[in-house]
Amino acid sequence: PRRKPSFSHLDLSLRQPSANPRPLPTSQHSAAPPPPTRPLRRRPSPHLQSSSSSPGVSTHHQFHHKMTTIVPTTEEDPTLAVVRFVSELAWADAGAEVAEPEVMRLCVEAQECMVRGRWLDLASLILTSADLIFHKVADKDLECIYSFICNLVTKSEDPDEVLEIVKLIAGSLSQKPTEKPALRVKILFILYNLLEDAYSKFYVYLKALQLALSGSVTEHVTPSLKTIDTFLKEWNIEVQDQRQLFLTISKILKENKSSAKDWFSFMNKYLATFSRDDADAMCEAKEDAVHAVLEFVKAPDMFQCDLLDVPIVQQLEKDSQHSVVFELLKIFSTDKLDAYLGVHAANAAALKSYGLVHEDCVAKMRLLSLVDLAANGSGQIPYALIKETLQINDDEVELWVLKAISAKLLDCKMDQMNHVVIVKRYIERTFGQKQWENIRTKLTTWRANISNVVSTIQANKAVEGGAQGVQSLAVR
């Protein structure tokens, strides 16, 4: 019986060519070369040069793509060598009598596609066989094969055809996300770095995120999220695409157990993509808005929220099922402890069904109420007012002030002799139109004060100059 084709029968050498690397969105790797082949008729195969890192768990957070160098040492085209190799593996179990004609047919079709510049058809032809052998071939060899397939995007000059090739490759890799998911994500990043079109880059990046999420290998993509704003400027994508991207990132951060603040930041961006004109879309995403509000209420280290003015969140106010959630958001954004206690007394069972712990909510509201006292006071908060607002004992006042300082909510001093808290700075619980107006007022005042100082200095200089002139005449 004929042996299956293998790289071990070929005269190959792999080395890294000198090239200017371009940054990729995640951890470091390099694109591998197209695979060599041992043809059924023992033709010599092309001499390939490249380098490749293991597609396992990465130890670096930036990929640098190195282009594959193909050095032909035989008359057979490297592309045909790849087609021959994957075809032989795909038909290996059928026997030589069946396999040889099929391999020859596929090679002829591939050559025809190359001659006529039908790169999409060529990619489809190779991918059909590559899908069949994905579970049979070593990761390094698969990276070689798919690197060659990805390189076909550089052959076409038609942006629409390039996008179709991209969709074909990404769709093929996304079919079985749990089978070698790290390698599949790595191949998508190889494809990303070969692209010039902005939308094609976005499409591949989104597919890589979705694949990493489905395959539970989100650690390979989370480092790239730090530069997502730069990517967005480059891609310049529409609102619907941004919405899909932000939602996927939010799910990844949740899966990867990242900080609640990072998750909440991207969830805010996702919810902000909805407008009042998107009534149907807002209705479908209602549960996402509810989830975001509840996570803010539960989080012990999040005290600032700007969801009140977001249309998709505002719709909850008139929702028969979730109106209490919107009421909670208003209280935790702008109100004090007594308002929360009133809502809890009337909706204790409903709040418990949302997974809220009453004691935790009370503790958070006491801190927020203390911030509210600082914002609405004259710079000094009497101990008695703190005791009354937070509903605590006398000996607990300073303890809660210290908690607010530790949480970086207040910058203040406690005057134990006079029983007052002297406030220097405090955080804003929300940052909307009112806060912008306050900043404008302060900047206007600051500008006027600076102008007065400059005018005073100039006037003093003029007086001094006149006095010196009179003194000079007197001397004369």
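Me: What makes the crossing of α10 and α12 left-handed?

Reply: A crossing is left-handed if the near helix is turned anticlockwise from the far one by less than a right angle, and right-handed if clockwise. The crossing of α10 and α12 falls under the left-handed case. The axes of α10 and α12 (residues 286-298) come within 11 Å and cross at roughly 145°. Axes here are lines fitted to C-alpha atoms, for helices over the stretch in contact, with angles running from 0 to 180 degrees between N-to-C directions. This is a predicted model, in which local features need pLDDT of at least 70 and side-chain atom pairs count only at pLDDT 80 or more, while totals for chains, interfaces and linings use all residues. Residues are numbered from 1 along each chain as its sequence is written, and side-chain values use heavy atoms, with hydrogens and water left out.

Me: Which residues make α10 and α12 meet?

Reply: Contact means heavy atoms within 4.5 Å. On the α10 side, Trp263, Phe264, Met267, Tyr270 and Leu271 take part, and they meet Asp288, Ala289, His291, Ala292, Glu295 and Phe296 of α12. The classes in this contact are eight nonpolar, one polar and two charged residues. Ala, Val, Leu, Ile, Met, Phe, Trp, Tyr, Cys and Pro count as nonpolar, Asp, Glu, Lys and Arg as charged, and the others, Gly among them, as polar.

Me: Why are α9 and α10 called roughly antiparallel?

Reply: Helix α9 (residues 239-255) and helix α10 (residues 260-272) pack at about 160°, with their axes 8 Å apart. Angles under 35 degrees count as roughly parallel, over 145 as roughly antiparallel, 65 to 115 as roughly perpendicular and the rest as oblique. The pair α9 and α10 is therefore roughly antiparallel. The crossing of α9 and α10 is left-handed. Arg243, Phe246, Leu247, Ile249, Ser250, Leu253 and Lys254 of α9 make the contact with Asp262, Trp263, Phe266, Met267, Lys269 and Tyr270 of α10. These residues divide into eight nonpolar, one polar and four charged.

Me: How do you know that α6 and α7 are roughly antiparallel?

Reply: The axes of α6 and helix α7 (residues 198-214) cross at roughly 170° and come within 9 Å. On the cut-off for such angles, α6 and α7 are therefore roughly antiparallel. From α6, Pro181, Arg184, Val185, Leu188, Phe189, Leu191 and Tyr192 meet Lys201, Val204, Tyr205, Lys207, Ala208, Leu211 and Ala212 of α7. By class, the contact has 11 nonpolar, no polar and three charged residues.

Me: What makes Ser200 count as buried or exposed?

Reply: Buried means under 20% relative accessible area, exposed over 50%, and partly exposed in between (1.4 Å probe, protein chains only). Ser200, in helix α7, has 0% relative accessibility and therefore counts as buried. Leaving aside residues up to four places away in sequence, Ser200 touches Leu163, Val166 and Leu195.

Me: How do you know whether Cys150 and Ser129 are buried or exposed?

Reply: Cys150, in helix α4 (residues 139-150), has a relative accessible area of 0% and is therefore buried. Beyond residues up to four places away in sequence, Cys150 touches Ile169, Ile187, Leu191 and Leu194. Ser129, in helix α3 (residues 119-133), has a relative accessible area of 5% and is therefore buried. With the same exclusion of residues up to four places away, Ser129 touches Val86, Ser87, Ala90 and Leu106. The C-alpha atoms of Ser129 and Leu106, 23 residues apart along the chain, are separated by 9.8 Å.

Me: Why is Lys180 called partly exposed, and why is Asn236 called exposed?

Reply: Lys180 has 25% relative accessibility and therefore counts as partly exposed. Lys180 is found in the loop between α5 (159-174) and α6 (181-193), and its phi is near 50°, a positive value in a residue other than glycine. Asn236 has 65% relative accessibility and therefore counts as exposed. Asn236 is placed in the loop between α8 (228-235) and α9, with a positive phi of about 55° although it is not a glycine.

Me: How many helices and strands are there in the protein chain, and what percentage of its residues count as buried?

Reply: The protein chain has 20 helices and seven strands; helices (H or I, at least four residues) and strands (E, at least two) are DSSP runs, numbered from the N terminus. Of its 476 residues, 45% count as buried.
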